[in-house]
Number of protein chains: 2
Amino acid sequence: MGKAWFTYGPDLLEGKFLVFRGYMKVNGHHYRTIWPVPDSYERIEIIDQRQLPHRFVTETLSTTGDAYTAIKDMHVRGAGLIGATAAFGMYLATQTAREKHCHYDLLQAAELLKNARPTAHNLAWAVDRVLSEVISCSELEEIRKRAFEIACLIADEDARFCRQIGEHGSELIKQVWLKKEKQQVNILTHCNAGWLAFVDYGSATAPIYAARDAGIDTHVWVDETRPWNQGAKLTTWELEQEGIANTLITDNAGGHIMQRGEVDLVIVGTDRTTHTGDVANKIGTYLKALAARDNNIPFYVALPSSTFDWKLDRGIDIPIEQRPGKEITSIDGLSENDTIETVRLTSAGTKAVNYSFDVTPARLVTALITERGVIKAEKSAIHAMFPDCCVST
Amino acid sequence: MGKAWFTYGPDLLEGKFLVFRGYMKVNGHHYRTIWPVPDSYERIEIIDQRQLPHRFVTETLSTTGDAYTAIKDMHVRGAGLIGATAAFGMYLATQTAREKHCHYDLLQAAELLKNARPTAHNLAWAVDRVLSEVISCSELEEIRKRAFEIACLIADEDARFCRQIGEHGSELIKQVWLKKEKQQVNILTHCNAGWLAFVDYGSATAPIYAARDAGIDTHVWVDETRPWNQGAKLTTWELEQEGIANTLITDNAGGHIMQRGEVDLVIVGTDRTTHTGDVANKIGTYLKALAARDNNIPFYVALPSSTFDWKLDRGIDIPIEQRPGKEITSIDGLSENDTIETVRLTSAGTKAVNYSFDVTPARLVTALITERGVIKAEKSAIHAMFPDCCVST
């Protein structure tokens with residue numbers, strides 16, 4: 001049994017939380033993307049996703065600063081996993097917080113973590129959730145215990161919600177499969193909204209894994225997803241580990257294969273979705289939504305409710321992260337010497353602008369796949385499905 | 001004066017052809033992208049574009065096989081330059097053709113060259129043009145001389161047509177510039193339809209260079225253009241050489257910057273355009289046309305008439321080249337040791353499909369910019385502008 005077969009400690013959790021092991025596999029072993037180190041639960045282990053697919057390396061986070069760096073520099077990425085890492089980052093803050101100034105220290109940690117990446121809604125959501133649960137406690141020891149419980153709860157909930165997204169979404173795939181008389185269903189996805197982007201299962205990939213478990217034959221077109229190449233590096237690797245047929249394409253190719261009738265449906269994830277149904281996701285998603293619409297192909301967005309922004313009415317108001325231009329002008333990969341090397345693709349002086357996300361307007365989204373079911377990307381439908389989450393505006 | 005300041009020899013050309021030097025510049029020196037080696041005109045010189053932007057290297061083509069390889073393996077690329085290289089490739093065939101079997105040998109050479117790349121219409125057009133001019137000659141010496149003349153004519157004509165495209169297209173830029181009260185005009189382009197893709201000036205870039213010469217301030221958004229990165233490697237380099245402001249973006253970003261109002265117009269080239277106005281161009285062009293339409297941004301396609309396919313009625317019937325998947329899974333760039341190295345971006349086993357072009361339907365094209373003027377992407381307009389070229393179908 002590998003170390004990642006970790007079950008959250010019932011001694012701390014008082015039996016209140018879902019306890020399950022990772023579902024997804026790496027080299028045949030079940031893994032989650034984040035877990036407390038079993039010895040004392042004082043440190044947190046993640047997969048350093050920058051090294052995939054060439055190396056499978058885990059990394060230990062000991063401080064809030066480590067968690068901040070892991071999020072900001074994309075050791076971890078993806079809506080759900082950013083949220084879970086931030087939650088555990090708050091837990092790590094309780095370990096260094098000063099007895100007499102612990103509330104101040106936790107607020108400082110929250111501020112730091114929230115600034116790691118601006119677009120992902122799960123980040124602030126998770127930090128605030130931990131904060132709101134511990135802020136009423138006065139004893140540091142109690143705060144520590146409670147922060148750990150909540151971080152574990154957030155991680156467990158993320159995995160559970162993704163599993164439920166899988167159940168609802170696989171029904172959509174099944175309908176296409178039956179309509180095609182059980183011929184292979186071709187699904188296009190952009191970026192990585194797989195289990196590597198969440199704690200387990202993934203959002204966009206969960207329906208594919210659930211369909212596989214139901215005996216439905218799928219094939220996934222994987223957009224390489226420039227500039228960070230999450231598709232080429234992570235989604236293909238993840239699907240290969242799970243034995244799901246897949247083909248890598250450039251981000252440019254999606255429209256063409258839709259025109260050729262080679263895509264049955266599109267499923268993507270999202271980093272933030274307004275309560276009106278506008279979807280911020282990895283840059284380029286909007287172009288695929290336009291192509292899907294032009295070719296009458298369903299365009300689905302899969303998300304746990306933690307990704308909804310209940311305060312923003314318009315997608316255009318979602319803050320869009322701008323990352324260094326160097327992520328476009330240089331790239332790293334495996335050299336012939338089996339070392340990871342960085343090469344420059346352009347002239348030294350080439351100026352690049354690197355927007356990380358774009359916003360797909362609700363009008364281009366066929367439906368949202370949430371943990372509670374499939375709904376239209378409309379305010380009324382979203383509020384009706386999540387009356388307990390939405391805030392009056 | 002560098003060797004590329006070549007003027008086609010009046011001794012051979014009998015003063016019949018336009019003789020002008022390259023317009024575009026490399027390190028301050030005028031260059032064309034292809035020219036006969038001045039000593040005896042028996043060999044042809046090209047720029048090996050695979051090495052740009054890291055190295056400016058020229059290559060000598062001595063045989064038809066060299067020309068075939070240069071086209072197929074993309075030492076040269078782009079509609080007009082593929083045509084000119086193929087024309088000179090036919091000239092090279094006359095040098096090795098057997099006296100008694102020269103027509104047979106030339107037909108063989110034509111067959112070889114035409115198969116180098118399937119989508120570019122200028123390729124077959126140029127080969128057939130040389131062939132039709134020499135097939136009636138019986139003397140090999142006359143065939144050689146005539147083939148050289150026609151190849152030079154095709155190259156000169158390509159440059160002249162591109163210059164005229166520039167004149168017509170710059171008027172469109174000027175209109176936007178005046179409407180913006182002489183604020184900088186933002187133009188998005190995909191791939192490289194610059195002077196590197198033609199003999200000189202370029203198609204999509206010609207209006208930008210002409211606008212610059214007319215004192216109009218432009219800024220170009222350059223799509224990197226995966227997988228071959230013609231935008232990142234060639235267009236940025238070319239624009240930098242000419243002192244045109246430019247910013248590199250991922251192919252994914254175009255829709256987002258259009259939504260933000262940061263694009264005034266789109267100009268792209270084409271490898272083949274049907275006489276009904278459907279446009280085959282580098283994969284991903286269709287996605288930009290969709291985004292332009294969704295944001296009410298004009299989408300122009302610049303082309304010399306040699307790119308029109310007068311026989312195809314439907315863009316869907318244009319053959320789309322499929323290149324090796326390895327162009328997606330691996331990439332080369334400049335290492336820290338200043339050597340050009342190839343690195344692998346994916347797992348070793350990742351399967352990739354690499355379509356090189358897509359088709360933008362005429363309905364998404366605002367207008368075509370040709371050497372004779374700006375016309376609608378419609379059969380009636382195209383035929384009215386080119387009554388001498390179109391064939392009755």
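A salt bridge here is a side-chain nitrogen of Lys or Arg within 4 Å of a carboxyl oxygen of Asp or Glu. Bear in mind that this is a predicted model.

**Stop 1: the interface**

Start by selecting B:R226 and A:E224: the two form a salt bridge, with their closest N and O atoms 2.7 Å apart. Across the interface of chain B and chain A, the rule finds four salt bridges. Now show polar contacts between the chains as well; the count is 34 residue pairs, both at pLDDT 80 or more.

About 4800 Å² is buried between the two chains, and carbon and sulfur atoms give 55% of that. Pick out B:N252, B:L287 and B:Y355, which supply 14% of the area that chain B buries against chain A, more than any other three residues.

**Stop 2: a covered helix in chain B**

Select residues 206–213 of chain B, helix α7. Six of its eight residues are buried. Which ones? They are B:A206, B:P207, B:I208, B:Y209, B:A210 and B:A211. Show the surroundings and you'll see what these buried residues pack against, including α6 (140–179), β7 (218–223) and α8 of chain B. Step just past the helix to B:G215, which takes a positive phi of about 80°.

**Stop 3: an open sheet in chain A**

Switch to chain A and show four strands in the order β13-β10-β11-β18; they make an open sheet with mixed pairing. At the edges stand β13 (308–309) and β18 (357–360) of chain A, each with a single partner strand, so one side of each has no neighbour in the sheet. Look next at β10 (residues 272–274) and β11 (residues 279–282) of chain A, which pair in the antiparallel sense over two bridges. Here A:T273 stands opposite A:V279 in β11(A).

**Stop 4: a buried threonine**

Click on A:T370, in strand β19 (residues 367–370) of chain A. Buried or exposed? A:T370 counts as buried because its relative accessibility is 0%. A polar atom of the A:T370 side chain lies 3.1 Å from the backbone nitrogen of A:R372, and there is also a 2.8 Å approach between a polar side-chain atom of A:T370 and the backbone oxygen of A:G373. Beyond its neighbours within four places in sequence, A:T370 is in contact with several residues, among them A:I165, A:H168, A:L303 and A:F386.

**Stop 5: salt bridges within chain A**

The structure holds 42 salt bridges over all chains. For one of them, select A:K114 and A:D128, which meet at 2.7 Å, N to O. A:K114 lies in helix α4 (residues 102–114) and A:D128 in helix α5 (residues 121–134) of chain A, so the pair ties together parts 14 residues apart in sequence. A:K114 is partly exposed, at 30% relative accessible area, and A:D128 is partly exposed too, at 34%.

Finish with A:R323 and A:E321, whose side chains meet in a salt bridge (2.9 Å, N to O). Both A:R323 and A:E321 are buried.

Note on methods:
Residues numbered from 1 in each chain as written. Chains lettered and ligands numbered in written order. Predicted model: local features only at pLDDT ≥ 70, side-chain atom pairs only at ≥ 80, totals over all residues. Heavy atoms only, no water. Buried area = accessible area lost by both parts, 1.4 Å probe. Polar contact = N/O pair within 3.5 Å; in protein donor to acceptor, adjacent residues only side chain to side chain. Buried < 20%, exposed > 50% of the residue type's maximum accessible area, 1.4 Å probe, protein only. Contact = heavy atoms within 4.5 Å. Pairing = 2+ DSSP bridges.
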